[in-house]
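Welcome! Please take a moment to look over the sequence and the 3D structure before reading on.

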Amino acid sequence: MDIKRKPLKSMSPVNTRRFEICILAGGLSSRMGRDKSRLRLGGRTLLAHIRATAKTIGLPRRVIRRDLVAHCGPLGGLYTALRTSRADATLFLSCDMPFVSAGLLDRLVRAAKHSENALFVEANGRVGFPLLLFRRTALPIVESQLAKMALSLQRLAQALRSQTIRLASRQTRELFNVNTPDDLRQARALWRDWPPGNA
């Protein structure tokens, strides 16, 4: 895979770093059979839920709907966002995770203000979204992984030597993602019991 590179700007000092949030909504939704971002849960679309949560953090927000490198899963979205970003650090969210809390997002951002390492959330021994990457250090690694077609987030986290934020078992429901019609049915059942502050 031929990926063109261009020089990256130097990292800003810690106290002047620019953060942003990117919501990835460009997947093929092959297991669902239709656009996941438009599925409805509790009166809103999945995308609307995650956008509302992201808004509470007070950072600039973007939605990535079309990847610069097609058919590369989440890494295609990460690459697209990093390549087109003007921020120093990007907090990545997935449109199919409606239960993620503002508290978890705030925890990631606060941790990133004292480090330059990539941050991944870990639950049950696996890392995934939400995650936070620094453009200067992450973009070359993401490009390298794409060139090798090493597309898993697990391998990316290893290549970045990332730090992890581990969730307690009672918090893992925040990471529930909607990939299939059965997942959607489960999400709707979970939503009925979800704390009112997360509605």
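What follows is a short tour of aromatic rings, backbone features and a charged patch.

This is a predicted model, in which local features need pLDDT of at least 70 and side-chain atom pairs count only at pLDDT 80 or more, while totals for chains, interfaces and linings use all residues. Residues are numbered from 1 along each chain as its sequence is written, and side-chain values use heavy atoms, with hydrogens and water left out.

Let us begin with the rings. A pair of aromatic rings is described by the distance of the centres and the angle of the planes. Rings of Phe, Tyr and Trp (its six-membered ring) pair if their centres lie within 6.5 Å; planes under 30 degrees apart count as stacked, over 60 as edge-to-face and the rest as tilted. How many aromatic pairs does a search of the whole structure find? There are 2, listed here.

| Pair | Type | Centre to centre | Between the planes |
|---|---|---|---|
| Phe 99 and Phe 176 | edge-to-face | 6.2 Å | 75° |
| Phe 99 and Trp 191 | tilted | 5.6 Å | 45° |

Phe 99 lies in the loop between β5 (89–94) and α3 (102–112) and Phe 176 in the loop between β8 (163–166) and α6 (181–193), so their pair ties together parts 77 residues apart in sequence. Trp 191 sits in helix α6, 92 residues from Phe 99. Helices (H or I, at least four residues) and strands (E, at least two) are DSSP runs, numbered from the N terminus. Together, ring pairs link Phe 99, Phe 176 and Trp 191 into a cluster. Phe 99 and Phe 176 are buried, and so is Trp 191. Here buried means under 20% relative accessible area, exposed over 50%, and partly exposed in between (1.4 Å probe, protein chains only).

Next comes the backbone. Most residues other than glycine have a negative phi, and most peptide bonds are trans. Which bond is cis? The one from Phe 129 to Pro 130, with omega near -5°; Pro 130 is placed in strand β7 (residues 126–134). Met 149, not a glycine, has a positive phi of about 55°. Met 149 is found in the loop between α4 (135–147) and α5 (153–160), and is partly exposed at 44% relative accessible area. Arg 161, also not a glycine, has a positive phi of about 50°. Its place is the loop between α5 and β8, where Arg 161 is exposed, with a relative accessible area of 74%.

Finally, Arg 51 belongs to helix α1 (residues 46–55). Arg 51 counts as partly exposed because its relative accessibility is 45%.
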